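Okay, thanks everyone. Let me put the model up, and then I'll walk you through a side chain, some rings and a pocket.

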Amino acid sequence: MDHAAPFPCPARLNLPVTRAISGSPAIAMIISLMSTFKSFELLSGNHDKGLVLLGDHAMSRLPERYGRLGLPDSAFQRHIAYDIGIEGLVRSLSSMLDVPAVLGGFSRLLIDPNRGEDDPTLIMKISDGAIVPGNHPITDEEWNYRVETFHRPYHNAVSETIDRVANKTGKAPLVLSLHSYTPVWKTFPRPWHAAVLWDTDHRAVAQLLGMLRSDPDLVVGDNEPYDGALKGDTMYRHCMLTGIPHALLEVRQDLIGDEPGIAAWAKRLAPIFETMNADPALHEYNVHVSRTGPYE
């Protein structure tokens, strides 16, 4: 089954966009409609502050051409489609701290922005037991189209935001990426309220873990329930390769599944992030060897 759009698009015709527009009014109209779908959203903030927030899986949106990828609407209210609560949490923190942020604008069921382009799980055929009909089988052309249209523009926006902050401050930015996870996985409860994921660069991680764990009411995981070393993911691509201090924070989704929960966690995290960002040691470039293997 070929999951192309109902009309041909330039990527499938291997035509430059300008040629497609000049040669076909129908294709020009399609491109115009598709241009209204944004693969990312930039949140404004003071670039002089040196802090960048990211929300890879903030949204569950899909371009109209994909329908629901053959899934029921209910699938897009689950964690398989996006990180529940993260859009609101990143928006709140960006506003409270007056720092820029980048939000992924599409569902990870379409393509996962937190995977490398050569990762076989970049476009999932099955996610937590749910078969995704719109992703299997998939042509090479469609795979490449999603990379070029959604995945790369998001990462270009991340790179540009990080570069702008670095140019403004003359130092390495501090990059903090936010995600959420389910309270139960395959019948096993997850006791952690939050978790910090990382590879080998411990600089921001040590501070974040220490301040979160100073709250006796919190159980905080260290590389649990996932391991933070993943070749090609967002932190690897934008921070490990470049030596930028960073950390990935996971918050259990039931704790930020509504506005009061988001507000409570934003209030908890804002002073922690501000304290971290004030540390000169978290604004130095220092490349660490990755546990995933040598850099290419």
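Let's start with Asn 223, whose side chain reaches the backbone nitrogen of Trp 198 at 2.9 Å. That's a polar contact, meaning a pair of N or O atoms within 3.5 Å; within protein, one must be able to donate a hydrogen and the other to accept it, and residues adjacent in sequence count only if both atoms are side-chain atoms.

Ground rules: this is a predicted model, local features need pLDDT of at least 70, side-chain atom pairs count only at pLDDT 80 or more, and totals for chains, interfaces and linings use all residues. Residues are numbered from 1 along each chain as its sequence is written, and side-chain values use heavy atoms, with hydrogens and water left out.

Where does Asn 223 lie? In the loop between β10 (220–222) and α7 (234–240); helices (H or I, at least four residues) and strands (E, at least two) are DSSP runs, numbered from the N terminus. Asn 223 counts as buried because its relative accessibility is 19%. Buried is under 20% relative accessible area, exposed over 50%, partly exposed in between, with a 1.4 Å probe and protein chains only.

Now the rings. The count comes to 5 aromatic pairs. Rings of Phe, Tyr and Trp (its six-membered ring) pair if their centres lie within 6.5 Å; planes under 30 degrees apart are stacked, over 60 edge-to-face, and the rest tilted. Take Tyr 66 and Phe 150: centres 6.3 Å apart, planes at 65°, so edge-to-face. Tyr 66 sits in the loop between β2 (51–55) and α4 (86–97) and Phe 150 in helix α5 (residues 140–169), so the pair ties together parts 84 residues apart in sequence. Phe 150 also pairs with Phe 106, with centres 6.0 Å apart and planes at 55°, so that one is tilted. Both Phe 106 and Phe 150 are buried. Ring pairs link Phe 37, Tyr 66, Phe 106, Tyr 145 and Phe 150 into a cluster.

Last, the largest pocket, with about 730 Å³ of space. A pocket here is an open set of points on a 1 Å grid over the protein atoms alone, where a 1.4 Å probe fits, with protein on both sides within 12 Å along at least five of seven lines; lining residues have an atom within 4 Å of a point. Of the 34 lining residues, the closest to its centre are His 57, Arg 108, Asp 112, Arg 115 and Tyr 226. The elements giving two or more residues to that lining are β6 (174–181), α7 and β11 (246–252).

Key: Grid points are joined across faces, edges and corners, and a volume is the space filled by probe spheres set on the points.
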